[in-house]
Amino acid sequence: MTALQKQGRQAKAAAGILATAGTEKKNLALESIAQAFTQRQDQWLEANAQDIRLAKAAGMRPALLDRLSLNAQRIQGIVEGIRQIIALPDPIGKSDRTDTRPNGLIIIKKRVPLGVAAIIYEARPNVTVDAAALCLKSGNACILRGGKEAIHSNRAAVEIMTQALETAGLPAGCVSLVQDTSRESANELMHLNDFIDVLIPRGGPGLIRAVAKQASVPVIRTGEGVCHIYIDKDGDLDMGANILYNAKCSRPSVCNAAECVLVHQDIAASFWSKALPLLDQKQVELRCDPEALAILGQRGKAAEETDWDAEYGDDILAVKTVSTAEEAIDFINSHSSGHSESIVTANYFTAQHFLDAVDAAAVYVNASTRFTDGGEFGLGAEIGISTQKIHARGPMGLEELTSYKYVIYGEGQVR
């Protein structure tokens, strides 16, 4: 039996204990974890500093360094996120439906944990804690496999959490980390069918597609973020410029950042006179179609066909000019990853048509795509943002980490 198989067996055993642990015990364990991160903050920051030094030496891009970095403020935010999860209702045992049949059978559709969730992700140590906390509250054990860039941060975080779990009376196997960050360990994890009930990849499109293609365990695809902002001819252009700036520039490396803006031709020149000064603050590179290039001149550069499907994760923005809202909708549906899309318009009917016709997990009117987030949606945190339609879609909180079973009460009925 390999080390990963042993880890899977321990997680499976822990999942059985968690499934019946009850809300109070799970919440006490989460509070123990929150307190441990507060008390042992310096240990986590020291481990993270080691990862940052190695990442800088390897030439990691600034946007990715930002995702890797921890500080006291970010840790405090992570701790607050754990306490938000504690405050949320426990979905386990919730009855979605109760029906009494003509023969007297009482049939209840009841929420239950998925079991063991494996999460493969990249250089984001906050995911280590968010994923573990959500899994614990929803009664699932988790096996975490982060990227090599964050291995010291992840080891420290999991050590802090497992010690806190044991203090609270739950097995350390509820949360575990794959120590080997090689491709071989990821491949083995993807085929650990005897122990893993669901695999959730979080990261760039390359990682997600590779996992979905190779895994034999069930996969929920998350985080592919080719998000669009459409500036309609009836939109408030100042509002549109501010929304675009926020969606692209507030954190360009995250999956809910805008990667493409579509602008109606009737207001394109006026819009760019307002948006360009904001984007210039971050020196955003604009990859433009011919119509936009004619307006922006040397400030833009000609887009290539691949730009319409690119998830840059950087200060780069694709720019497309459209003649109608319908053209914008068709373009989005052709090039979107199904994550988050937004329209800026004052026209009610155009807005409603956009909401109905755009096929994405989150569709906005007059707001930034950056709000697609478990915390912002009131879920406490999210284990990922699903871009598929089965079994979950959009930010995956506690309820999305459950399945259900039918519980049937009888009085001797036979068929």
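How many bridges join E9 to E11? There are 4 of them, and the two strands run parallel.

## About the model

This is a predicted model, in which local features need pLDDT of at least 70 and side-chain atom pairs count only at pLDDT 80 or more, while totals for chains, interfaces and linings use all residues. Residues are numbered from 1 along each chain as its sequence is written, and side-chain values use heavy atoms, with hydrogens and water left out.

## The sheet

Strands (E, DSSP runs of at least two residues) and helices (H or I, at least four) are numbered from the N terminus. Strands of a sheet pair through backbone hydrogen bonds, either parallel or antiparallel; here two strands are said to pair if DSSP finds at least two bridges between them.

Strand E7 (residues 227-231) is joined by 4 bridges to strand E12 (residues 340-344), and the two run parallel; within E12, Ile343 stands opposite Tyr230.

## Strand E11 and its partners

E11 pairs with E8 in the parallel sense over 5 bridges, and Val322 in E11 is the bridge partner of His264. Ala318, also in E11, is the bridge partner of Arg287.

E11 is mostly covered, with 7 of its 7 residues buried, where buried means under 20% relative accessible area, exposed over 50%, and partly exposed in between, using a 1.4 Å probe and protein chains only. In a regular strand the side chains alternate between the two faces of the sheet. Both faces of E11 are covered, with Ile316, Ala318, Lys320 and Val322 buried on one side and Leu317, Val319 and Thr321 buried on the other.

Ala275 is found in helix H11 and is buried, with a relative accessible area of 1%. The C-alpha atoms of Ala275 and Met239 are separated by 9.7 Å, although these residues are 36 residues apart along the chain.
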